[in-house]
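Reader: I have a chain and a model on my screen. Please walk me through the fold and the metal site.

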Amino acid sequence: MDRICVHALVVRETETGDYDKILTLVTEEHGKLTVTGKGVKSLKSPHLVACQPFAYSTFVLKKSRKFWYIEESENIEDFYGIRNDLDRLSLSAYVCDVLEYVTVESSPEPELLRLALNTLYAISARRDIPLSRIKAAFELRCAAECGFCPELSVCDVCQKELSGDVYLDVMNGRLLCPECKPRAEKEEEMIEGTARLYYIITADVLNAMRYIVGAQRSKLLAFSLDEDGQYLLSKVCEGYLINHLEHSFSTLEFYKSILL
Ligand SMILES: [Zn+2]
């Protein structure tokens with residue numbers, strides 16, 4: 001296998017020399033791949049558009065001495081609208097960073113790649129949807145696709161249906177009703193070294209979270225919340241993903257800093 005054709009999103013570029021780049025691709029077929037693009041930075045290069053950050057492209061790659069080189073390329077989608085605003089650009093950088101972090105070589109994750117592509121499309125083209133909703137839906141669905149899907153049906157201790165405000169126990173990915181929370185928290189405290197993080201969530205936010213983990217990917221953003229609900233959803237979904245990945249992203253910090 002020294003020549004392959006892949007569909008890939010460019011999630012990172014590192015400039016090497018005047019005209020060359022090393023690209024990190026998340027491919028549909030082979031997971032994450034690092035490839036060398038000789039001369040692709042040149043304005044005359046036929047690979048210029050396909051090799052840009054955030055570009056979704058097809059590539060023919062050739063392997064030589066352990067390294068992959070770009071032989072042919074064709075851009076499918078460049079998500080042009082991302083580049084219109086700094087907040088859109090920096091949110092897209094965070095989405096690509098998360099995708100890069102959760103994927104590995106030789107292990108295709110087509111669902112995660114599709115989620116990232118749909119998210120970039122929404123950031124680029126859906127001016128009717130607030131960025132905070134796009135970001136929150138990406139974060140929670142990404143956590144779910146990575147195997148951290150929270151159990152959002154009933155209280156995990158008493159199994160009762162929930163109404164009104166409830167607690168999301170982030171590290172255990174479960175809900176607790178107000179009656180069961182103090183006892184569950186005490187039990188948790190007895191296990192040394194356990195990280196604990198609880199959010200109080202309203203019925204509206206819980207419904208939005210249930211929608212995000214269960215909706216068809218193409219309809220992921222078809223929900224709405226009032227301003228307070230959206231604020232809480234944003235906080236919870238970000239906290240949920242970041243705490244499960246146990247990783248912080250400088251692109252996330254930058255995105256939040258420009259919103260201040
Ligand atoms: Zn309970």
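Predicted model: local features only at pLDDT ≥ 70, side-chain atom pairs only at ≥ 80, totals over all residues.

Author: Residues are numbered from 1 along each chain as its sequence is written, and side-chain values use heavy atoms, with hydrogens and water left out.

Reader: How many helices and strands does the protein chain have?
Author: Helices (H or I, at least four residues) and strands (E, at least two) are DSSP runs, numbered from the N terminus. By that count, the protein chain has 7 helices and 8 strands.

Reader: What share of the residues in the protein chain is buried?
Author: Buried means under 20% relative accessible area, exposed over 50%, and partly exposed in between (1.4 Å probe, protein chains only). The protein chain has 260 residues, and the buried share is 47%.

Reader: In what order do the strands of the closed barrel run?
Author: Two strands pair if DSSP finds at least two bridges between them. E1 and E2 run antiparallel, joined by 8 bridges. E1 also pairs with E4 in the antiparallel sense, over 7 bridges. The closed barrel has 5 strands with mixed pairing, in the order E1-E2-E3-E5-E4.

Reader: Which residue in E4 is the bridge partner of Leu9?
Author: Leu9 sits in strand E1, residues 3-16. Its relative accessible area is 0%, so Leu9 counts as buried. Across in E4, its bridge partner is Tyr56.

Reader: Which residue takes a positive phi in the hairpin of E4 and E5?
Author: E4 and E5 run antiparallel, joined by 9 bridges. Val60 has Glu72 in E5 as its bridge partner. The hairpin has 2 residues between the strands, and the positive phi, near 45 degrees, belongs to Arg65.

Reader: At about what angle to E1 does H1 run?
Author: Axes are lines fitted to C-alpha atoms, for helices over the stretch in contact, and angles run from 0 to 180 degrees between N-to-C directions. H1 lies across E1, E2 and E3. Its angle to E1 is about 120 degrees.

Reader: Which helices do the buried residues of H7 pack against?
Author: In H7, residues 250-259, the buried residues are Thr251, Leu252 and Tyr255. They fall within an arc of 105 degrees seen down the axis, so they line one face of the helix. That arc is taken from the directions from the helix axis to the C-beta atoms. With contact meaning heavy atoms within 4.5 Å, these residues pack against H1, H3 and H6.

Reader: What is the geometry of the zinc ion site?
Author: Donors are N, O and S atoms within 2.8 Å of the metal (3.2 Å for Na, K and Ca); water is not among the atoms, so sites may look incomplete. The protein donors are the SG atoms of Cys155, Cys158, Cys177 and Cys180, lying 2.3 Å from the zinc ion. Four donors count as tetrahedral if all angles lie between 85 and 135 degrees. The angles among the 4 donor atoms are 101 to 115 degrees, and the site is tetrahedral.

Reader: How far apart in sequence are the parts that Cys158 and Cys180 tie together?
Author: The donor residues are spaced C-x2-C-x18-C-x2-C. Cys158 lies in the loop between H3 and E6, and Cys180 in the loop between E7 and H4, so the pair ties together parts that are apart in sequence by 22 residues.

Reader: Is Cys180 buried or exposed?
Author: Cys158 has 28% relative accessibility, so Cys158 counts as partly exposed. Cys180 has 6% relative accessibility, so Cys180 counts as buried.

How values were computed. Tetrahedral: all angles 85-135°; square planar, octahedral: opposite > 155°, others 65-115°.
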